[in-house]
Amino acid sequence: MLLYFKMHFSYNSFTDDISRRTLDNFLKSWDPGKMYFYQSDFDDFTGKYANRLDDLIGRDMNCSVIDEIMNKYTQRFNERSQFVNRVIDEKHDFTIDEYLNVDRKNMAYPKTVEEVNERWRKQIKFQLLNLKMSVDTVEKAREKLKKRYELLVRRHNDLTKDKVYGVFLNAFSAALDPHSSYMPAEDLEDFRIRTRLSLEGIGASLRSEDGFTIVANLVKGGAAEKSGMLKVNDKIIAVGQENGEATDVIDMDLQEVVKKIRGARGTVVKLTVLREESNTSKKVVVPIVREKIQLVEQQASSHVVGVDTREGGKTKHLKVGVITLPSFYIDFEGRQKRLKNYRSSSNDTKEQLKALKDKGVDAVILDLRSNGGGGLDESISTAGLFFGAGPVVQVKASNGETETYYDPDESTWYEGPLVVMINRHSASASEIFAGAIQDYGRGLIVGDSHTFGKGTVQNLNDLAQKLGAVKVTVNQFYRASGASTQLKGVNSDLVLPSIVDELEIGEKYYDYALPYEEIKTAKYSKFNLTKPFVPELKRRSDTRMATDGEFKKVKDEIEKFRKNKEERSRVSLKEKKEDDKKDKKEAKEEELLNESTEFSLKDDVYLQETLRVAADYVQLLRKQKLEGQPALPAMIAAQTTKPAGKGDKSVSDNKNPPKPEKK
């Protein structure tokens, strides 16, 4: 805990306020749905400990309160488990009008045994109703649900003291802000895999269902796919090393199974799987040689799309390049070892831009939808590809000092029309990139009304071996304009109607999020390539969407969503047989859609409209050129200025980021 307070942006001591938050978080960690603890349990814990955790744990290192809460939870868990088994076997009437309250956040803890039993009765009925839709009969649904709860009991019984204390440490860190956290060793390894986009293993995504570890999909080009022996939906029942005995993994925690399957490249893992073929199950042993797997589906990729537009009374065919960037990733180890061509989002985006320029594209769309961020220095380097050297982001430390981070590379890798797609899930480093493009007036921002609103920097600090790491919020982001991305995010220049904009998605909905503020503007030159065109582009886009059938459906969904706001807090427990086949068909279609990773415009109405916006943008820029204004590359060359000093770049989760020049 001392490490958190030593580094945190806003907090330097364990206060009563943090004590109250920590206790609340810890109770929610075990019982988020208020289905186990009674109101009397909650009152007892808060009365005794709400303002004392800072003294007991922070000062005296007395952790008995954690054990006390866990013992009470275990008691309630066992009581509910016994009740659940009885309720599953009861006869449920699915023809009556009855509702389950799903708004657990605003629900009080139950006061009596009767009240908590009623919550569980409805919960079980709801689960049986959902399972019945997929397995056809109530008997099969009961069997499946019993298996699920038996597995839940095993998971609870397997809890170690280390895991419980890890949950408490996360409850404490979340009391500081939403992004400070504790990472156990297995979570730390997963984080590093995501940032370097590679791992040593077999190249398969796994999921857990009813105690079985199931192959969800195979990584393209990975060891498992190349072997041709492992299939999607295979159930892994045992894992063995090359010359060792196989270990039964049925009912084993998914993370434990993954640890057994991963290993050093060149070694052999033997998977015993159950495979369904011709309505029968057969057991197959699949040996796979582990290798380094590149997670290519998470790398930057590009495509060229043709768009027809009317210009000067004639139809003109434009080529628009679309770059999809799922995250701002970097192979930290490769960079530290000074390897050539180490994997990074900026290097990969640079290569995609080269390819698109070779194909003669008229405009580029950079798709940052659902890009959750990554390395800060990667967002800075990627932004610099579009406007050369200059300040990209300002960062304020806990002592109030502000530092400006520049892209030091004066080279501009793409000088043409640029459109950046965002949504509510575009966060952190994505917002730094989008904010810089918008501040400079270099490109259009199109999508949901605004991005996520995560404007803080976290450092990752390794603990002793096998203990994982702690992630601590150490700085706050500010755009070159001086506005923070915290809470507010980056606003779109052109907003496309989206149901996501109606949901509680974003930093502003998190408990204990840090506040928004502004600082002084950095010195930079604007290109003014967007604001003069936004009104006309918006008019054209709105006109198209007003008559577009797909956007009409979106608007109807939004209107329905707003009208049914109160109904969303509860779900019906009445069976709707006429909808069963339709629901199953839609679920199957969604499953098939999720399995496809190929680039497609067919169902992406937002990309379709953004392509039309890009074509309009090209048209307006060309018209400006004909009227005597400078051509786009000339404007960039004239307005890109070299900063007085070059600032090194930081990584949001790097342990020891380089120090930039102070502003």
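**Figure 1. Ten aromatic residues, Phe26, Trp30, Tyr36, Phe37, Phe45, Tyr73, Phe77, Trp120, Tyr149 and Phe168, form one aromatic cluster.** The model is predicted, so local features need pLDDT of at least 70 and side-chain atom pairs count only at pLDDT 80 or more, whereas totals for chains, interfaces and linings use all residues. Residues are numbered from 1 along each chain as its sequence is written, and side-chain values use heavy atoms, with hydrogens and water left out. Rings of Phe, Tyr and Trp (its six-membered ring) pair if their centres lie within 6.5 Å; planes under 30 degrees apart count as stacked, over 60 as edge-to-face and the rest as tilted.

**Figure 2. Tyr36 and Tyr73 form an edge-to-face aromatic pair.** A search of the whole structure finds 24 aromatic pairs. In the pair of Tyr36 and Tyr73, the rings are 5.4 Å apart, centre to centre, with 65° between the planes. Tyr36 lies in the loop between helix H2 (16–30) and helix H3 (39–49), and Tyr73 lies in helix H5 (residues 64–89), so that the pair links distant parts of the chain, 37 residues apart. Helices (H or I, at least four residues) and strands (E, at least two) are DSSP runs, numbered from the N terminus. Tyr36 is buried, because its relative accessible area is 10%, and Tyr73 is likewise buried at 6%. Buried means under 20% relative accessible area, exposed over 50%, and partly exposed in between (1.4 Å probe, protein chains only).

**Figure 3. Tyr440 and Phe527 form a tilted aromatic pair.**

**Figure 4. Charged side chains sit over the rings of Phe212 and Tyr99.** Lys235 lies over the face of Phe212, 4.7 Å from the ring centre. The charged end of Arg570 is 3.7 Å from the centre of the Tyr99 ring. A charge sits over a ring if NZ of Lys or CZ of Arg is within 6 Å of the ring centre and within 35 degrees of the ring normal.

**Figure 5. Glu118 and Arg121 form a salt bridge within helix H6.** Side chains of opposite charge can pair when their charged atoms come close. A salt bridge is a side-chain nitrogen of Lys or Arg within 4 Å of a carboxyl oxygen of Asp or Glu, and the structure holds 41 of them. The N to O distance between Glu118 and Arg121 is 2.8 Å. The two residues lie in helix H6 (residues 113–135), 3 residues apart, about one turn of the helix. Glu118 is partly exposed, with a relative accessible area of 34%.

**Figure 6. Arg369 and Asp604 meet in a salt bridge.** The N to O distance is 2.8 Å. Arg369 lies in the loop between strand E13 (363–367) and helix H14 (376–387), and Asp604 in the loop between helix H18 (577–595) and helix H19 (605–626), so the pair ties together parts that are 235 residues apart in sequence. Arg369 is partly exposed, at 22% relative accessible area, whereas Asp604 counts as buried at 17%.
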